[in-house]
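I'm opening my notebook and going through this one step by step. Here is what I looked up, in the order I got to it.

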Amino acid sequence: MADGAKPAPGTEARLDVTVVTGDRMLYHGPAVALTAPAVQGTVTIRPHHAPLLALLQPGELDIVHQQGTDTWAVGGGFVEVVDDAVTVLADTAERAEEIDLRRAEDDLERARLLAKRHEIRAELQAAHDLALRCSRARIAVARKALQRGS
């Protein structure tokens, strides 16, 4: 836009975001930005992003839209960007409201104990590491929701 003029309301560039797991659709709609935990590092996608296909690791998935921000704990998956269409195929995903913080903290402690017990067995170490990262992501998302509500 010339001279710093802003686009007319409703004509701003936006993303068309879809987030799904193997058993449900979590989100489908417009967004201003999406931040995902890619294996190579956190990626933030805004309108006009370059095409992308990235592997996700356990972490926080944030979708910013006009009504606010939706946050999920994802357990891995993929994110694809083509034009302004963003598709997230998550292995697992939970909204902050779906996470029982006490149970997530118990799961983290259980995963830590199992990881210590199986430090010597390399074939089990990767599974325990994944469980630890998933538990940490769930706790972070649940705590973020509690802070927003305060």
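**Entry 1: the model.** I reminded myself that this is a predicted model, and I kept that in mind throughout.

**Entry 2: strand 1.** I began with residues 15-20, which make up strand 1. Is this strand mostly buried or exposed? I found five of its six residues buried, so the rest of the structure largely encloses it.

Next I checked its partners. Strand 2 (residues 25-31) pairs with strand 1 in the antiparallel sense, over six bridges. The two form a hairpin, and four residues sit between them. For one pair I looked up L15, and its bridge partner in strand 2 is A31.

Strand 7 is also joined to strand 1, this time by five bridges, and these two run parallel. Here I noted that V20 stands opposite L89 of strand 7.

**Entry 3: two loop residues.** I went looking at backbone angles. H48 isn't a glycine, yet it has a positive phi of about 70 degrees. I found H48 in the loop that links strand 4 (41-45) and strand 5 (52-65). H48 is exposed, and its relative accessible area is 64%.

D83 also turned up: it is not a glycine either, and its phi is positive at about 55 degrees. D83 belongs to the loop between strand 6 (68-82) and strand 7 (85-90). With a relative accessible area of 62%, D83 is exposed.

**Entry 4: helix 1.** Then I moved on to residues 101-117, the 17 residues of helix 1. From first C-alpha to last, helix 1 reaches 24 Å, close to the 24 Å expected at 1.5 Å a residue.

Which residues of helix 1 are buried? I got A104, L108, A111 and A115.

At the N-terminal end, D100 is the cap: one of its side-chain oxygens lies 3.1 Å from the backbone nitrogen of R102.

**Entry 5: a closer look at R103.** R103 sits in helix 1. R103 counts as exposed because its relative accessible area is 55%, and the cut-off for exposed is over 50%. Finally, I compared R103 with I139: they are 36 residues apart in sequence, and 9.3 Å apart in space from C-alpha to C-alpha.

Terms used. Residues numbered from 1 in each chain as written. Predicted model: local features only at pLDDT ≥ 70, side-chain atom pairs only at ≥ 80, totals over all residues. Heavy atoms only, no water. Expected span 1.5 Å × (residues − 1). Buried < 20%, exposed > 50% of the residue type's maximum accessible area, 1.4 Å probe, protein only. Polar contact = N/O pair within 3.5 Å; in protein donor to acceptor, adjacent residues only side chain to side chain. Pairing = 2+ DSSP bridges.
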